[in-house]
Amino acid sequence: MWAKILTGALFLLMVGGAIYVDPVRDRSLLGVRDSGRAQLRLMTWNIGHASLESDSRAHTDDLKAVAETILRNDPDAVALQELTGQEQLEILLGHLRRKYRGKVCSFGGQDRVAAVLVKGREAQFEDIPTSDRYAVGAVFRFQKEGGEGPEVVVISAHADAFNAARRRSFTGDVVDWARARPSDQAVFIAGDFNFELRARNQSNIYTDNIKHDSEAYSHLLKYFRDLGRDAGATAINDRRIDYIFGLPEVALLQRAEVLKGVAVGRMDHLPLLVEVLL
């Protein structure tokens, strides 16, 4: 008898606790709207072609379709990789109806560049030197309803496709630059890092790719959140090698999506789009 009474009391206590905690509401930050925050939309896209092409850099004929995808999804900032240079960037900005401003990074020893675009805002652009190549960053003030929002930093990065040790060094340099930004800035790192984190994706099993890439990825996660972690593959052969990282204490994730069906020609990447509240 007493056992039944005790069991019933425990059951009522559990039900009451569940109602008080309201787990359905508290456990889900994804999709929460907060009018006190600024909503920021970011995209990263390697617009180059598969390596089997005679020229795997971005093709100028593709830029109109690239611009249409950007305009349709209306990101506030875009990180692009594998442009041939400033001339291609100017053609793309024209297709974007001058709604964006942008900069390509310096070449260094490479034959292709990364670029960053910012929609309709005054922005400061800066080359980010690393050991063997450059990334590029944009700093702009983000506006929200009812007033001025935070200052945002978006970095466009492209790590070496063929050397994991270089990817690791490059990642460390980019993270060091990002961490040196003022503490009141919302920093995002976006781009193609070419990480090989799964053995089945390796083309050569006698390398230290997984070790180097796992350590580089872990170094990023020490300071940043992988915002596109659950969005799916971004490149051919079921590879997730394009990322957007954000400061976890600043960016509240609303949406992360790999945009299907927008690649043209022999492009081998798809764009990753994320929305966050700042």
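1. Strand 6 and strand 7 (residues 147–158) are paired in the antiparallel sense over eight bridges, where two strands pair if DSSP finds at least two bridges between them. Within this pairing, phenylalanine 140 stands opposite valine 152 in strand 7. Helices (H or I, at least four residues) and strands (E, at least two) are DSSP runs, numbered from the N terminus.

2. As to the basis of these remarks, this is a predicted model, in which local features need pLDDT of at least 70 and side-chain atom pairs count only at pLDDT 80 or more, while totals for chains, interfaces and linings use all residues. Residues are numbered from 1 along each chain as its sequence is written, and side-chain values use heavy atoms, with hydrogens and water left out.

3. The protein chain has six helices and 12 strands, and of its 278 residues 47% count as buried (under 20% relative accessible area, with exposed over 50% and partly exposed in between, for a 1.4 Å probe and protein chains only). Among contacts between residues at least 6 apart in sequence, 64% join residues at least 24 apart, contact meaning heavy atoms within 4.5 Å.

4. The strand pairing of point 1 belongs to an open sheet of six strands in the order 5-6-7-8-10-9, with mixed pairing. Strand 5 and strand 9 (225–226) stand at the edges, each with a single partner strand, so one side of each is left without a neighbour in the sheet. Helix 5 packs on this sheet and touches strand 5, strand 6, strand 7 and strand 8, its direction making about 165° with that of strand 7; such angles run from 0 to 180 degrees between N-to-C directions, and axes are lines fitted to C-alpha atoms, for helices over the stretch in contact.

5. On one side of strand 6, strand 5 (residues 123–129) pairs with strand 6 (residues 134–144) in the antiparallel sense over seven bridges, and a hairpin of four residues joins the two; phenylalanine 125 has alanine 138 of strand 6 as its bridge partner. Strand 7 and strand 8 (residues 185–192), by contrast, pair in the parallel sense over eight bridges, and the bridge partner of histidine 158 in strand 8 is aspartate 192.

6. The axes of helix 5 (residues 164–179) and helix 6 (residues 209–223) come within 8 Å and cross at roughly 10°, which makes helix 5 roughly parallel to helix 6 (angles under 35 degrees count as roughly parallel, over 145 as roughly antiparallel, 65 to 115 as roughly perpendicular and the rest as oblique). Among the residues making the contact are Arg168 and Val175 of helix 5 and Asp213 and Leu220 of helix 6. Helix 6 also lies across strand 8, strand 9 and strand 10 (242–246), running at about 30° to strand 10.

7. A further six strands form an open sheet in the order 3-4-2-1-12-11, again with mixed pairing. Strand 3 (100–104) and strand 11 (252–258) stand at the edges, each with a single partner strand, so one side of each is left without a neighbour in the sheet. Five bridges join strand 2 (residues 77–83) to strand 4 (residues 113–119), which run antiparallel, and alanine 79 stands opposite valine 116 in strand 4. Helix 4 (residues 86–95) packs on this sheet, touching strand 2, strand 3 and strand 4, and its direction makes about 170° with that of strand 3.
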